[in-house]
Amino acid sequence: MSMRGGRGVGGAVRADYAALKQQNASAPEIPHLLRRTLGLFRPYRWSIVLTITVVLVTAAISVIPPLLVESAFDVGLFPPEGGPNMSALSAIVAVMIGLYIISAGLGVWQSYLTSSVGNSVMGQLRVTLFERLQAMDLSFFTRTKTGVIQSRLQNDVGGVANAVTNTVSSVLGNTVNVIAAFVAMVLISWPLTVIAIVLMPILVFVQRRVGQVRARIAGQAQESLSDMTAITQETLSVSGIFLSKSFSMQRAETERYREANRTQIALQVRQTMSGQGFFALVNIFMSSIPAIVYLAAGVLIGQGFGDITPGAIVAFTTVQSRLLFPLTSLMRVALDLQTSGALFARIFEYLDLRPAIVEAPDAIDVAEAPGPVGSVRFRSVSFRYPDAAEESRPTLDDVSFSIRPGEFAAFVGPSGAGKTTISYLVPRLYDATAGSVEFAGQNVRSLRQASLVDHVGVVSQETYLFHATIAENLRYAKPDATDAELEAAARGANIHDTIASFPGGYATVVGERGYRLSGGEKQRIAIARVLLKDPAVMLLDEATSALDTISERVVQHALDAASQGRTTIAIAHRLSTVIGADRIFVIDGGRIVEQGTHAELLEIGGVYARMYREQIGGGDAS
């Protein structure tokens, strides 16, 4: 791809990627992040209400058995009147077991509800993010690495999946458990409760500091994961493997991946260990409380607090021990939420992207346009790519021309002259910087994008085929096409007989990017796909430049047949492919410097004539 406006696409990618890496290391500031995150759950509010109800009931039930322990000791095992009271003890034990069974059943139901809600939210978030990326303009993808985009869609969304799936029930259930446990502890013995919770503020402070550290490391870990995803996408594609093998760079690529992997491992270890010391402190503290309670109980009883019974001490330590798990879980949830905040911010950053190409509210269909369908007109169009420097010359500068329906128009010129840019502006992949682009007599900015694209077919130099069957690749243009329509399109592209010669026929899998087919076969399948779409205007962007002479002739014959009855705009380097064009526009330096038929341009003896002589002399034209 040529340098545009003094800056290449590669430079744009590097600049954008460097900016993204900086943003990843320190998560972007997203206004109202918490409110927007909670808003993801709004469509599932009734399921959440049911989940909350189940959580509350489960949490309330889970606190009752420890309270029954005091009665089991003081009434059942060691009653004031003497030996064990077996009837009372049996009743207490039966109630406790029944509560355990009910709690377990509710726990299973709760897990199902939270999993359903959480995974539905995450699934919708993935689709919403994918839909946003699909709506972005072409310039976004030319300046952003595919691996970085994939990392946002897969790694970042996956990174918050656990928080979204488990946070609601964890926060609510554990909060209720903690509050109920504290209430029970106060009811059993308020002096012991004061002793048990005196160090809690210190733990909360430490938790906040650890959470901040983990959030920072999480951003760095996702940046590293983006690096690894980008390396994988670049080097393990068919094109990447072919390139590395062609230059014997497998060892270097492996080393590059190994280095990125080392960074990822180190960050994951840091992220894991950053909270372990804190949780170890919590465990030591909570585990030591029973021993401290025993000591404190002895002191209190010695000072005359006679209401502390053995059953009360056992019940208190039982409740306190049941407090350890929910309290630790709440603190871990807080840490996980702080860590996930960076990931949510990265996701919402992409969801907040706004495409440069926006459809007008009053846009109309092509069928409603005032001019004939198939006509294309540029009125004083100038264009500069979004990533180009302001002081650089525009890619197109005051370009004007008009193409009639059914006309075969060709654009030729030196590399970087702006030919391909014209093919981007017609279907409105970019908007003109100045002037207007008209289709069917209507400014393309006033047409519905889907309607405009439906009337334009593109055959580019780099044919893209999916790793699917030939039939599936063809039906990408028309999903409901019949087998007869597929065959008709293939015949029109001069590829049916070739397809029929394959053992699988139209069910033949073409391989990634069509690597199981020759260049000419791929290109003719691409032509058949456009014919199936049956557009009014066909754009040919150097469709035969990458083919050998024999393949070029076969494909050119298919293109000539496909161009019949429709407007054809050909972007060409090989002048031999456009000699028969109705009009040839010569572009140089972003301007149309010559126009006319092949014979007229040769007679002028200008840029076109010079290019033609050079290609004939180099054997490039026939």
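## A salt bridge to begin with

The side chains of Arg-475 and Asp-483 come together in a salt bridge, 2.8 Å from N to O. A salt bridge here is a side-chain nitrogen of Lys or Arg within 4 Å of a carboxyl oxygen of Asp or Glu. Arg-475 is partly exposed, with a relative accessible area of 23%, whereas Asp-483 is exposed at 58%. On this scale, buried means under 20% relative accessible area, exposed means over 50%, and partly exposed lies in between (1.4 Å probe, protein chains only).

Before going on, please keep in mind that this is a predicted model, in which local features need pLDDT of at least 70 and side-chain atom pairs count only at pLDDT 80 or more, while totals for chains, interfaces and linings use all residues. Residues are numbered from 1 along each chain as its sequence is written, and side-chain values use heavy atoms, with hydrogens and water left out.

How many salt bridges does the structure hold? There are 16. Side chains of opposite charge can pair when their charged atoms come close.

Arg-566 and Asp-534 form one of them, at 3.2 Å from N to O. This pair links distant parts of the chain, 32 residues apart: Arg-566 is in the loop between H20 and strand S8 (567-571), and Asp-534 is in the loop between H19 and S7. Elsewhere, salt bridges with shared partners join Glu-255, Arg-258, Glu-259 and Arg-262 into one network.

## An open sheet

Helices (H or I, at least four residues) and strands (E, at least two) are DSSP runs, numbered from the N terminus. Two strands pair if DSSP finds at least two bridges between them. With that in mind, 4 strands form an open antiparallel sheet in the order S2-S1-S4-S5. Strand S2 (396-403) and strand S5 (442-443) stand at the edges with a single partner strand each, so one side of each has no neighbour in the sheet.

Strand S1 (residues 376-383) and strand S4 (residues 434-439) pair over 5 bridges, and Val-376 stands opposite Phe-439 in S4. A salt bridge of 2.6 Å, N to O, also joins the side chains of Arg-379 and Glu-438. Arg-379 belongs to strand S1 and Glu-438 to strand S4, 59 residues apart. Arg-379 is partly exposed at 37% relative accessibility, but Glu-438 is buried at 14%.

## The nonpolar cores

A nonpolar core is a set of buried Ala, Val, Leu, Ile, Met, Phe, Trp, Tyr and Cys residues joined through side-chain atoms within 4.5 Å. The largest has 41 residues, of which Val-412, Ile-470, Leu-474, Tyr-506 and Ile-584 touch the most other members. Elements giving two or more residues to this core include strand S3 (408-412), helix H17 (483-492) and helix H19 (519-533). H19 provides the largest share, 6 residues. Apart from this core lies another, of 34 residues, among them Phe-401 and Leu-539.

Asn-473 lies in helix H16 (residues 470-474) and is buried, with a relative accessible area of 1%. Beyond its neighbours within four places in sequence, Asn-473 is in contact (heavy atoms within 4.5 Å) with residues including Leu-465, Val-510 and Arg-529.

Thr-37 is found in helix H2 (residues 33-39) and is buried too, at 12%. Thr-37 and Gly-341 are 304 residues apart in sequence and 9.4 Å apart in space, C-alpha to C-alpha. Leaving aside neighbours within four places in sequence, Thr-37 is in contact with Phe-344 and Phe-348.
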